[in-house]
Amino acid sequence: MAIRFQAPKLLKNLRYFTRALNSASTTSISAVSPLNFDEKPEPTIEKPAANRLGSSVLDINDHEKLFSLLSTTKLTRAAANLHLAAVEPLVDFGIWVMNSRLMDIDLAREVVMCTVRHSFYEHFCAGESAPEATDCVRRVNDAGLRGMLVYAVEHTDDVSECEQNLQGFLQTVQSAKSLPPESASFVIAKISAICPMSLLQRVSDLLRWQQRDPSFNLPWKLNNFPLFSDCSPLYHTLQKPEPLTLQEENELLSAHQRLQKLCQECLEANVPLTVDAEDTFVQPAIDYLTYNAALSNNKAGKPIVYNTIQAYLKDAKERLFLATEAAEKMGVPMGFKLVRGAYMSSESKLAASLGFDSPIHNSIQETHACYNDCASYMLEKIADGSGAVVLATHNVESGQLAAAKATDLGIKGDQKLEFAQLYGMAEALSYGLRNAGFQVSKYMPFGPVDKIIPYLLRRAEENRGFLSASNLDRQLMRKELMRRVNAAVM
């Protein structure tokens with residue numbers, strides 16, 4: 001029987017969220033005030049003075065120091081690719097081509113693939129195979145960073161493909177194991193690659209309906225943490241769903257077993273597994289499978305299974321709080337990766353088509369506030385001796401504020417705190433955090449070019465969106481290249 005935790009209506013006891021990362025002073029990005037609950041807020045950590053984002057804990061203005069371990073060739077190629085990715089008409093044209101019928105013409109497809117391979121693919125991806133990816137991790141590690149190995153397969157509805165994808169993930173774990181200790185920080189997995197997408201949708205529908213009607217019986221449901229809060233979106237399931245068939249129950253059991261096998265491999269390799277978040281219409285099932293795996297494998301104070309929370313969702317803080325509190329009550333160490341989110345367009349379109357408000361925050365300021373509050377909460381948990389977090393952010397201010405609070409709490413070198421950025425993006429923030437003494441990882445996808453196109457399309461969209469730090473990177477890289485040119489001439 002599953003243990004149920006009651007979601008408090010207003011979460012008035014969410015004391016950690018009142019200890020905001022930043023005060024209410026204004027900044028060039030956004031001011032994020034602590035939440036207003038009945039309990040008196042704890043003192044907040046002041047922001048770095050005068051909006052100098054490179055001041056205090058992080059220094060991201062010294063381009064010579066930031067890029068000291070990067071060759072001029074690497075720096076030049078990175079600057080060129082980021083400049084191309086910032087040209088919106090070019091990005092729009094590239095996205096159109098990738099989704100057009102031109103890709104059905106062999107010659108056109110070959111030309112496009114060749115262009116992509118020698119530009120964005122080489123910049124944002126770690127290689128086509130696991131050996132190429134491990135070589136890339138070694139190079140990143142030489143620069144003082146760590147690597148998150150990402151076998152970049154997308155969702156499937158084919159059971160045989162689920163088995164093939166599992167083998168790919170298992171090989172990724174073995175590759176991480178072959179690397180120097182601590183150079184590979186995590187292995188990343190997508191549940192929709194090892195469990196049919198249609199089944200994830202069916203399970204999510206049933207879980208949502210049980211949230212509406214607690215008397216609704218799910219005989220297959222295993223012990224778990226809370227999956228919903230009072231403000232979680234339930235509009236995806238408008239009618240009572242049919243129970244799982246015997247075949248579907250068997251397929252769900254197989255998905256549990258695939259994930260369990262992957263977790264065991266990670267345990268033996270001593271490399272944590274992080275499960276990526278996906279669209280909200282399947283996220284309840286992903287959370288369900290992930291938390292069940294955490295209950296089985298997260299022991300001895302060290303989480304081996306991490307879940308991902310997307311802070312652009314309106315229910316993100318409450319779900320994080322409820323799952324964390326439940327894990328503590330059950331004595332299970334739980335790790336989370338915090339991201340802002342990657343499915344904004346599809347989420348808003350789906351909600352609008354069904355006549356509901358988007359599950360995404362109404363403004364970028366609200367998303368920043370949610371991310372910073374969640375980060376603050378998890379940093380407090382680590383300081384109290386529980387929990388673990390990967391702060392995956394390209395937002396310079398969020399990185400600065402989290403670094404300042406972690407330093408204030410005395411957890412800068414704690415093994416349960418990791419910062420992360422995508423490979424090829426937010427280089428200044430990554431190296432600034434590294435120079436300040438934090439553990440920093442790069443999210444490093446690998447796979448054949450044609451298989452990794454969906455990932456690249458998301459990066460193209462993201463690079464011009466609110467998550468991007470590429471403008472700062474381009475400026476600093478340009479300055480460093482000019483410095484090197486002038487030094488060579490002199």
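Two residues are in contact when heavy atoms lie within 4.5 Å. This is a predicted model, where local features need pLDDT of at least 70 and side-chain atom pairs count only at pLDDT 80 or more, while totals for chains, interfaces and linings use all residues. Residues are numbered from 1 along each chain as its sequence is written, and side-chain values use heavy atoms, with hydrogens and water left out.

**Exercise 1.** Find which residues Thr-156 is in contact with, leaving aside its neighbours within four places in sequence.

*Solution.* Step one: locate Thr-156 in the loop between strand 1 and helix 6. Helices (H or I, at least four residues) and strands (E, at least two) are DSSP runs, numbered from the N terminus. Step two: list the partners of Thr-156 beyond four places in sequence, which are Glu-161, Cys-162, Asn-165, Ser-192, Ala-193, Cys-195, Pro-196 and Met-197. Step three: check the accessibility. Thr-156 has a relative accessible area of 6%, so it is buried. Buried means under 20% relative accessible area, exposed means over 50%, and partly exposed is in between (1.4 Å probe, protein chains only).

**Exercise 2.** Compare the span of helix 6 with the expected span, then find what covers its buried residues.

*Solution.* Step one: helix 6 covers residues 159-178, which is 20 residues. Step four: look for buried residues in helix 6; among them are Cys-162, Asn-165, Leu-166 and Phe-169. Their cover includes helix 5 (130-142), strand 1 (146-151), strand 2 (184-189), helix 8 (246-269) and strand 8 (440-446).

**Exercise 3.** Work out how helix 7 is oriented against helix 8 and against helix 9.

*Solution.* Step one: learn the rules. Axes are lines fitted to C-alpha atoms, for helices over the stretch in contact, and angles run from 0 to 180 degrees between N-to-C directions. Angles under 35 degrees count as roughly parallel, over 145 as roughly antiparallel, 65 to 115 as roughly perpendicular and the rest as oblique. Step two: helix 7 (residues 197-212) packs on helix 8 at about 105 degrees, with the axes 11 Å apart, so the two are roughly perpendicular. Leu-199, Arg-202 and Val-203 in helix 7 meet Glu-248, Glu-251 and Leu-252 in helix 8. Step three: with helix 9 (residues 283-297), helix 7 makes an angle of about 90 degrees, and the axes are 7 Å apart. This pair is therefore roughly perpendicular too. Residues of helix 7 that meet helix 9 include Leu-200, Ser-204 and Leu-207.

**Exercise 4.** Is Asn-471 buried or partly exposed?

*Solution.* Step one: find Asn-471 in helix 16 (residues 470-489). Step two: its relative accessibility is 43%, so Asn-471 counts as partly exposed.

Conventions:
Expected span 1.5 Å × (residues − 1).
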